[in-house]
Protein chains: 2
Amino acid sequence: MRVVVVGGGFGGLQCVKHLRRAAVEITLVDRQNFHLFQPLVYQVATGALSAAEIATPLRAIFKRQQNVRVVLGLVTGVDLDARTVTVQHQPTGDAGQLPYDALVVSAGSRYSYFGHDDWRTFAPELKSLEGALDIRSRILGAFEAAEVEPDEERRRAWLTFVVVGGGPTGVEMAGQIGELARDTLRKDFRSIDPRAARVLLVETTEGLLTAFPRSLSRKAARSLRQLGVTVFLEQTVVDVTAESVSIATSDGTSRSEPARTAIWAAGVEASPLATVLSVAAGGDVDRAGRVTVEPDLSLPGHPEAFAIGDMVRVRDATGVAQTLPGLAPVAMQQGRYVARVLRRRADGGRTKPFRYADKGNLATIGRLRAVADVKGLHLSGLVAWLTWLLVHLFYLIGFQNRLIVILRWTVSFVTHGRGARLITRGGDASESR
Amino acid sequence: MRVVVVGGGFGGLQCVKHLRRAAVEITLVDRQNFHLFQPLVYQVATGALSAAEIATPLRAIFKRQQNVRVVLGLVTGVDLDARTVTVQHQPTGDAGQLPYDALVVSAGSRYSYFGHDDWRTFAPELKSLEGALDIRSRILGAFEAAEVEPDEERRRAWLTFVVVGGGPTGVEMAGQIGELARDTLRKDFRSIDPRAARVLLVETTEGLLTAFPRSLSRKAARSLRQLGVTVFLEQTVVDVTAESVSIATSDGTSRSEPARTAIWAAGVEASPLATVLSVAAGGDVDRAGRVTVEPDLSLPGHPEAFAIGDMVRVRDATGVAQTLPGLAPVAMQQGRYVARVLRRRADGGRTKPFRYADKGNLATIGRLRAVADVKGLHLSGLVAWLTWLLVHLFYLIGFQNRLIVILRWTVSFVTHGRGARLITRGGDASESR
């Protein structure tokens, strides 16, 4: 049986791994040659970790799993009736067809710019590795520019950082910029005091980390303020330019904050493949572009085609589509579930509907500061931070990466330094070769 | 006294460090925010090390040295009479002026394309970090393209790698691609056998590593052949396109080798600042664009302005300009020498002319394979390799980097793997965000 898995993220990876003993031929398609440990991308964006430490080559992961073939390419189409996937191979751009007997699409989501894709140029997204490297160059470049800027007002704009979106990524990012400015870079400059940097975190809803209990969400806001982050709740970004971010409050007034660096971590939009699948299966997508799947995660009318992760809504026993949190554990459990469905089917067996086992929610804010909601247990401070540390190290792929990350975190913790503070091309005005 | 140091490479860094107790105000200008450990750049190009491991932020290096100010910018002009340096600040592009009482220019060199700058697009240089990341994406992307290429001839072109230049960088690079193909990637693909990859090393002169004794140069060629590298001596690249490299032999005939990946490590050209200084001081540059400096490394007629490293030729006691090898130890010794001259002058003392203390020459070819010429002692094999290992770890800047590099090398050595095999933007056709 030929299984095509689209996407080497958390969901796709678990699915492929759990088919290792099945009598199947798997083709794993991804447009990048590595699995990205997305929960730590913000640490690359602030120079705490280097790109290779949170990205593991897919071929290295599946070197020994003989029933997998990795293909580098962008999936541009799916024909559910003919059971083929169209791939645009990378780096050549040549088109190819992959026939399948079973299909698993795990293409994830990205941040949406509320329909303003032109903001992307001024406020790169913090989700991909490339976004993170771009943001790293911009943040460090802003301090460099401030150091040589004689005009106070312009200097202040260089030292203002706006983080859009108060979810885990936005919160973690704002906290890290706060630490970078007050701690890591404190003694690095001669003309400016990096501690004068302003970090603004803008969130449309009434609280940060809405997936967490209210008490933890408030604690997170308090921790951020201690790191010098200004938290704007119930405020919305209405314009982004190279030199400012316009923010509207709930009473309808808006103001312009002079800021040379903006970082986008708001709005979720499923991969365009969700729409492709939805149209092919004759269904609708929700506002975030997610495709609705059956209780066994297959597409309506296509028991051989599955979609998993944060690009789907799952229909429950009563037929109502539910949105699960866009977290790695959800995608991982769904990946393993689909692998089990495929193995059972080969034996003629059936599988119960998918059920998400909620193990909790974690977010870190800075040194010794984190919040954790583990099966109703609300943790904060040191205990939450240690939990966060262990969980992230445990799930990080690759023995070598784990060792290096432990080493980097230990050295950073002791010296307050960050080893990977490089400005490389991709930054705003930084020239390349 | 205001000292302006241009370039945070080996020479500039040593000069600034050895002025740490002097009563001077130093401004260190570099267009990048990090010091690059250039001898290991080829390891980034083959995924053995990650960028941050061989690049240390200049601000981190000089955090505690209070008499240094780091400025990020490109030096676009030097006025020797007015004693000012013109800087184009990064990332803003704003122009600035830096007045000085003493100037030290250590701007290095780059590879020349024999006047064919259009080849640069198809054969990126292996000297900068960005060049290395580009090359890494291209090499890995070529294997990816070969894996899905049905046509045998085209597949063969994807699996052909041409390294131009038989100096240490070219030799090390060719050896590493050989190991990557025969060892690291051996089990990573399903359709192709990476061991079928051809690595061609093209050198214009009659031997590799011309700075080494003849016997070691022959040993290096033999080691490379054992790694599957084809060595073409007394042959010259006469054209490079996206799909082929044309090579001419000494008898005047030329042939075209179908190859999708070419890497440039040939021809040396001093930084354009050498010409700027030469013109300003009323002198000539040599064929490689180097400026001639006095026995004390100052510019003729300008005892307060120095140039060091591989952008200069040094006049000896008899007035003849000598070219020293373009190695890190030369630049480092010159940087320390100039710092000493400046310190002595402040005390009213004089300094003997600069003399290069040749400590030897090292090049590695692969696992357990290296050549070393240490004060006339000709080493090869394991002893040379261990010497190479220790010397490079010793000179690598930053405790954290040293630990991580030891860890990566150990893991690579044991597992035959390479941790940083990422295809990121900058590669040939690989799309970005």
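The largest nonpolar core of this predicted model holds 286 residues, and those touching the most other members are A:Val104, A:Val163, A:Val164, A:Ala307, B:Val104, B:Val164 and B:Ala307. Helix H4 of chain A, residues 129-148, gives the most to this core, contributing 11 residues.

**Domains of chain A**
- Chain A is divided into domain 1 (2-111 + 269-346) and domain 2 (117-266 + 362-415).
- The centres of domain 1 and domain 2 of chain A, taken over C-alpha atoms, are separated by 29 Å.
- Contacts between the two domains of chain A involve 22 residues of domain 1 and 28 residues of domain 2.
- On the domain 1 side, strand S3 (34-36), helix H2 (41-45), strand S4 (55-57) and strand S9 (109-111) of chain A each supply at least two residues.
- H2(A) provides the largest share of that side, four residues.
- By class, the side of domain 1 of chain A that touches domain 2 comprises 15 nonpolar, five polar and two charged residues.

**Residue A:His392**
- A:His392 lies in helix H10 of chain A, residues 381-395.
- A:His392 counts as partly exposed because it has 19 C-beta neighbours inside 10 Å.
- Beyond neighbours within four places in sequence, A:His392 is in contact with A:Pro39 and A:Leu40.
- A:His392 and A:Val330 are 62 residues apart along the chain, and 15 Å separate their C-alpha atoms.

Terms used:
Residues numbered from 1 in each chain as written. Chains lettered and ligands numbered in written order. Predicted model: local features only at pLDDT ≥ 70, side-chain atom pairs only at ≥ 80, totals over all residues. Buried ≥ 20, exposed ≤ 12 C-beta atoms within 10 Å, placed from the backbone. Contact = placed C-beta atoms within 7 Å. Core = buried A, V, L, I, M, F, W, Y, C linked by C-beta atoms within 7 Å. Domains from an automatic or database assignment. Nonpolar A, V, L, I, M, F, W, Y, C, P; charged D, E, K, R; others polar.
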